[in-house]
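Open the model in your viewer and keep the selection tool at hand. The stops below say what to select and what is there.

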Amino acid sequence: ESTADPVVKDNRIEACPDGSGILVREFGLGTMQGNTITDNAVAGVTVSTGAHPNITGNAMFKNQQYGVQATEASRGQLEENEITDNGVANVVVTQNANPTLVGNTISSAKQGVYVHDGGKGVFTDNKITKYDLESVAITISTGGDPVFTNNRVEGCAGVAVFVTDAGLGRLEKNMVTGSGGAQVHVTAPGSRPTLLDNYISSGRKQGILVTDGASGMFEHNRVSGNAMAGVEVANDATAPELRLNIIDKNSLQGILVRAGASATLDSNDVHHNDDVGLEVRGAQSGQGKGAQVMRNHFHDNSKGGVTLHDAAAGLLQSNEVFANPGGGVIAGSGVTMSISQNHIYNKDGCGLVLEDGSACSVSRNEVFTHSAEALVQEQGSQSKIGAGVDLNMLHTDQSDFVNVKHTQLAINSTAIT
């Protein structure tokens, strides 16, 4: 307590029946090094009320609740500890506590790192691994706002990183791989983490999943080789921003926006996914603005560049859509998106298809194709094709530049070269 500064070294501390193995509180200091701390009723180490100890090279395992508990504006430096197999969570941070954890191994518990109720913390170069289907490696909730940098989060049977109930946080330059659930799942209103320059790969479901009113900023991440969509955004009022990410080699869509979500997609490179590069589906309700898709590159995706259907709304503007074998851009029934100023280049498949029931505004696009029509407008499409300064430029090697199926629509507003 107070200015106490003991050294606790190379001890075995176990079986405290009603508390923690070590308690540091009321601005206490101290060095805890090389201890084995196990089977205590609360935590291996509890740090509270402004305390700031150094905790290095200890083994904290099989404590009934927590390996490390940091609370009530405490701090502390924890380095190169083994924190494993504790009952509730290996590390819990709450009530404005702000510890620093560097180079620890944190594995095998119901929760790996749990930051909530205003907890903070800086987590760097830790290995966070081996969590089962019902467990989560990192959970951030209820105003938790930690920083995770250069950590390895791997081998989780369920979700690896879970942000919920107005969780915040910044995750930068982490490697998140091999999860059985979504690798990163952000959900619930007010949840808005920042993910910057992470590598999110080889998961058995989505790379990033954002649902149920959450938002957040996702920038400069590589999302690759996941078994479902690279990024999935779902449900009304869900509105993340994705900028400058590389999203590639996922087994389904590169990006899926569905069920009325309002994602902003800006300057991403989405390529070599096994389905389409981008799929947007589902009508808006309430104040949703739909998908805002600008300045992205969608290329070399197996089943097409961009598909819009099921009353999708929003904006598709200034994108480069090229070399997608399944076609360039397809707008289905009920789709009301504004499609403008895109460059669509396709060797195989049509450039731009406006299906029966679509109602898009189509202007100032440039479409190049080789083996199929540059523009197809099906019977019943109510899409408006721009004229004057909103002219579309269509180029193809085929004789059918434009295919207007079973309709009297005039195409004299469309330039054919």
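**Stop one: the largest cavity**

About 30 Å³ of space lies in the largest cavity. A cavity is a set of points, on a 1 Å grid over the protein atoms alone, where a 1.4 Å probe fits but cannot get out. Grid points are joined across faces, edges and corners, and the volume is the space filled by probe spheres set on the points. Rolling a probe the size of a water molecule over the atoms shows where empty space is left. The count comes to one cavity of 30 Å³ or more.

Select Leu 352, Val 362, Val 367, Leu 375, Ile 385, Asn 392 and Leu 394, which line the largest cavity; lining residues have an atom within 4 Å of a point. By class, six of the lining residues are nonpolar, one is polar and none is charged.

The model is predicted: local features need pLDDT of at least 70, side-chain atom pairs count only at pLDDT 80 or more, and totals for chains, interfaces and linings use all residues. Residues are numbered from 1 along each chain as its sequence is written, and side-chain values use heavy atoms, with hydrogens and water left out.

**Stop two: the whole chain**

Zoom out. The protein chain has zero helices and 52 strands; helices (H or I, at least four residues) and strands (E, at least two) are DSSP runs, numbered from the N terminus. Along its principal axes the C-alpha trace spans about 85 × 35 × 30 Å. Of the 417 residues, 54% are buried, where buried means under 20% relative accessible area, exposed over 50%, and partly exposed in between (1.4 Å probe, protein chains only).

**Stop three: strand 37**

Select residues 291-294, which form strand 37. Are its faces covered or open? Both are covered: Ala 291 and Val 293 on one side, and Gln 292 and Met 294 on the other, are all buried.

Two strands pair if DSSP finds at least two bridges between them. Here Thr 264 stands opposite Gln 292. Met 294 stands opposite Gln 317 in strand 40.

**Stop four: Arg 222**

Select Arg 222, in strand 29 (residues 222-224). Arg 222 counts as partly exposed because its relative accessibility is 32%. Leaving aside neighbours within four places in sequence, Arg 222 is in contact with Asn 198, Tyr 199, Ile 200, Ile 246 and Asp 248; contact means heavy atoms within 4.5 Å. Finally, select Pro 189: Pro 189 and Arg 222 are 33 residues apart in sequence and 25 Å apart in space, C-alpha to C-alpha.

Methods:
On a 1 Å grid over the protein atoms alone, a cavity is a set of points where a 1.4 Å probe fits but cannot get out, and a pocket is an open set with protein on both sides within 12 Å along at least five of seven lines; lining residues have an atom within 4 Å of a point. Ala, Val, Leu, Ile, Met, Phe, Trp, Tyr, Cys and Pro count as nonpolar, Asp, Glu, Lys and Arg as charged, and the others, Gly among them, as polar.
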